[in-house]
Amino acid sequence: MSDNLMRREQKTYHKKATGAALVTVKKHSKDHELKLFGSCFCPFVQRVWIALELKGLGYQYVEVDPYKKPDALLEVNPRGLVPALRHGNWGSYESTVLLEYLEDLNAGTPMLPPLPPQLRAHCRLWADHVNRHIIPGFYRYLQAQEIDKQVEYAEELKTEITKLVDAADPSGPYFLGPTMTFVDVQFAPWVLRLSRVLKPYRGWPDPEEGSRWGLWVEAIEGNEAVKATTSTDDLYLDSYERYAGGYANYDFGVPV
């Protein structure tokens with residue numbers, strides 16, 4: 001096994017974005033009434049960041065060192081957790097709440113369809129599925145150290161993703177069809193981390209070429225709002241090292 005596992009040097013946490021995300025940070029560094037407090041490695045932050053870019057809203061991105069939380073953030077969220085938004089003299093936190101808030105501003109490109117209400121409820125239901133089942137499953141699988149648990153949790157995660165894919169528009173490539181909407185934004189940061197984190201650490205497989213799942217992954221990876229908020233691969237690999245137990249597995253397939 002030691003021939004197939006590479007122990008990586010312990011990395012310090014990243015304090016700023018890299019690659020395309022860093023370019024976006026610099027574009028949005030000037031003071032603005034709408035401020036996003038975030039950390040470059042956080043997928044919950046990236047959700048809100050993608051929404052801001054997708055909607056084309058003006059905003060300021062404020063990078064937060066998780067161990068040196070600024071007073072401006074603590075005024076919005078006393079726990080000092082990101083993401084958090086300040087809009088004028090108002091502020092809030094929790095990524096799904098913030099996505100709903102940005103949608104309620106009725107500015108920029110909408111993420112939820114205007115009608116019918118049943119379709120909007122459908123989107124919220126499957127966004128909830130991402131939060132309740134896929135995200136916990138992602139971390140459960142990543143943190144598992146025993147092979148039998150990795151096998152079990154890999155299957156569970158694949159099952160929950162399959163449910164989401166089956167609920168999506170058959171033609172795609174996104175959840176509701178040709179354009180990125182609410183569920184896609186909720187899910188996108190973890191889609192990225194399947195290949196950038198679960199693949200090197202746990203051998204997560206690439207999507208089958210031409211599959212509905214493969215089309216969705218390709219669309220998310222190629223979306224301009226997603227690309228603009230995504231750092232280089234090494235940032236994610238380093239940031240998740242402690243969750244995975246410090247090993248990057250480049251040779252094993254998913255043990256299922």
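1. A nonpolar core is taken here as a set of buried Ala, Val, Leu, Ile, Met, Phe, Trp, Tyr and Cys residues joined through side-chain atoms within 4.5 Å. Buried means under 20% relative accessible area, exposed over 50%, and partly exposed in between (1.4 Å probe, protein chains only). The largest such core has 70 residues. Those with the most contacts inside this core are Phe 138, Ile 161, Leu 164, Phe 187, Trp 213, Trp 216 and Ile 220. Helix α7 (residues 182–202) contributes the largest share of this core, 12 residues. Apart from this core lies another, of 6 residues, among them Val 62, Val 64, Leu 73 and Val 76.

2. The model is predicted: local features need pLDDT of at least 70, side-chain atom pairs count only at pLDDT 80 or more, and totals for chains, interfaces and linings use all residues. Residues are numbered from 1 along each chain as its sequence is written, and side-chain values use heavy atoms, with hydrogens and water left out. Helices (H or I, at least four residues) and strands (E, at least two) are DSSP runs, numbered from the N terminus.

3. Contact means heavy atoms within 4.5 Å. Not counting residues up to four places away in sequence, Ile 161 touches Ile 134, Phe 187, Leu 194, Trp 204 and Trp 213. In helix α8 (residues 212–222), the buried residues are Arg 212, Trp 213, Gly 214, Trp 216, Val 217, Ala 219 and Ile 220. These buried residues of α8 pack against α6 (147–167), α7 and α9 (224–228).

4. Helix α2 (residues 43–55) packs with helix α4 (residues 95–104) at an angle of about 10 degrees, their axes 9 Å apart. Axes are lines fitted to C-alpha atoms, for helices over the stretch in contact, and angles run from 0 to 180 degrees between N-to-C directions. α2 is therefore roughly parallel to α4 (angles under 35 degrees count as roughly parallel, over 145 as roughly antiparallel, 65 to 115 as roughly perpendicular and the rest as oblique). From α2, Phe 44, Arg 47, Val 48, Ala 51, Leu 52 and Lys 55 meet Ser 95, Thr 96, Leu 98, Leu 99, Leu 102 and Glu 103 of α4.

5. A search of the whole structure finds 0 disulfides (a disulfide is a pair of cysteine sulfur atoms within 2.5 Å). Cys 40 is buried at a relative accessible area of 6%, and Cys 42 is buried at 12%.

6. The loop between α6 and α7 holds Gly 172 and Pro 173. A cis peptide bond joins Gly 172 and Pro 173, with omega about 5 degrees. Gly 172 counts as buried at 11% relative accessibility. Leaving aside neighbours within four places in sequence, Gly 172 is in contact with Gly 177, Pro 178 and Arg 212. The peptide bond from Val 82 to Pro 83 is also cis, with omega near 5 degrees; Pro 83 lies in the loop between α3 (71–76) and β4 (84–87).

7. Most residues other than glycine have a negative phi, and most peptide bonds are trans. Glu 94, not a glycine, has a positive phi of about 80 degrees. Glu 94 lies in the loop between β5 (90–93) and α4 and is partly exposed, with a relative accessible area of 45%. Asn 106 has a positive phi of about 55 degrees. Asn 106 sits in the loop between α4 and α5 (117–143) and is exposed, at 70%.
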